[in-house]
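Biologist: I am new to this structure. Please show me how to read some of its features.

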Amino acid sequence: AIAPATLMHASSLDHTDQFQGVLLGAAVGDALGLPREGLSPIRAARMYGSRPLRHRFLFGRGMISDDTEHACLTGQALLVAFDDENRFAHSLAWRLRGWFAAMPAALGWATLRAMVKLWIGFSPKNSGVYSAGNGPAMRAPVIGACFADKPEKILEFIGISTRMTHTDPRASEGALAIALATAHGMRHGPRGVLPEVLLDEIRRHVRNDEFRRALEQVSEQLRRNASPIEFAQALGFTKGVSGYMLHTVPAALFCWLSNPGNIERCVEDVILLGGDADSTGAIVGALAGATAGASAIPSQWIEGIIDWPYSIAWLKKLGGQLAARFGGNEPDGTDSGPLSLFWPAIPVRNMIFLVVALAHGFRRMLPPY
């Protein structure tokens, strides 16, 4: 049972702030982790320093990648579909086709193959490929936030979203874990997160033995009050957290559950573990943002992002639309449909992003090693 004080706090949560927190948290974690993507924690620290983290992608500013873009595409599809699974599948599939047509500079191998299958005519039910990459976890927090009080809907919509790109059951279980964690944070707020209650809920949906063992490690290391470095050593992530779903999800859950109300701390913790830092940063940022709200995100992290048309103002508006549609506080006359986006600008933006990303790649050929 939830203590009365926790219930009082949960009832006073600002749902608009939380929905905006999902998207802005993902954006800041994505942008802060992006320059460090693929680097070991030691090499990343030598190149970019340690705490406090700041934007270093483009002249001291940050840009988002596919992690945040997929969260936005999912949110837009949910605004179209509400709780209709078929409409959601149709809308998300067409948005993913459009996203791919704009030539994104960064996408996983499994997602690439799935996008090709969608374009040549495969249905969203059959477009996925057998992979346990962490791509579906990018889309999971928005689904968890929108159906925070409807676990059966989370299960259905995560299945649709995951199958569209990844068919390995481990991908579905990992994405579901992140969605359930987001829903838990939305319901309880930073002072009411209950790690063991959440982990027990996730375990009920996990069949994979490797994933169950990883969740046990999360639980044990939390009880020991272990540091992120100790956790990484226990799970063998000393060279960084990979993009494998059953590496990404335990690391994200541990760093968030260690400090659920402190967005700065938990985002820094997971990014400094190295590896797929933009994806892990985005996932933990979304979890923490859903729990504590956008107002708890350091202002310099938000103001440091320079991107368009997925701008900070646009992300805030999308979060507001989702809150109006799914937060139960939609006033009469509120427009909670999908937002317009200046699509012709996206390929140009993606070319700029690609040039900057290539510059970072060449920079990595130089010391410090």
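Modeller: Proline 368 is placed in the segment after helix H18 (345-363); helices here are DSSP runs (H or I, at least four residues), numbered from the N terminus. The peptide bond from proline 367 to proline 368 is cis, with omega near 5°. This is a predicted model, where local features need pLDDT of at least 70, side-chain atom pairs count only at pLDDT 80 or more, and totals for chains, interfaces and linings use all residues. Residues are numbered from 1 along each chain as its sequence is written, and side-chain values use heavy atoms, with hydrogens and water left out.

Biologist: Where is proline 309 found?

Modeller: Proline 309 sits in the loop between helix H16 (299-303) and H17. The peptide bond that joins tryptophan 308 to proline 309 is cis, with omega near 10°.

Biologist: How are two packed helices described?

Modeller: By the angle between their axes and the distance between the axes. Here the axes of H2 and H17 (residues 312-326) come within 8 Å and cross at roughly 140°. Axes are lines fitted to C-alpha atoms, for helices over the stretch in contact, and angles run from 0 to 180 degrees between N-to-C directions.

Biologist: Which residues of H2 make the contact?

Modeller: Among them are Phe19, Leu23 and Ala27 of H2, while H17 contributes residues including Leu315 and Phe326. Contact means heavy atoms within 4.5 Å.

Biologist: Is alanine 27 buried or exposed?

Modeller: Alanine 27 is buried, because its relative accessible area is 0%; buried means under 20%, exposed over 50%, and partly exposed in between (1.4 Å probe, protein chains only). Alanine 27 also touches Ile64, Thr68 and Ile305, among others.

Methods
Helices (H or I, at least four residues) and strands (E, at least two) are DSSP runs, numbered from the N terminus. Lists of a residue's contacts leave out its neighbours within four places in sequence.
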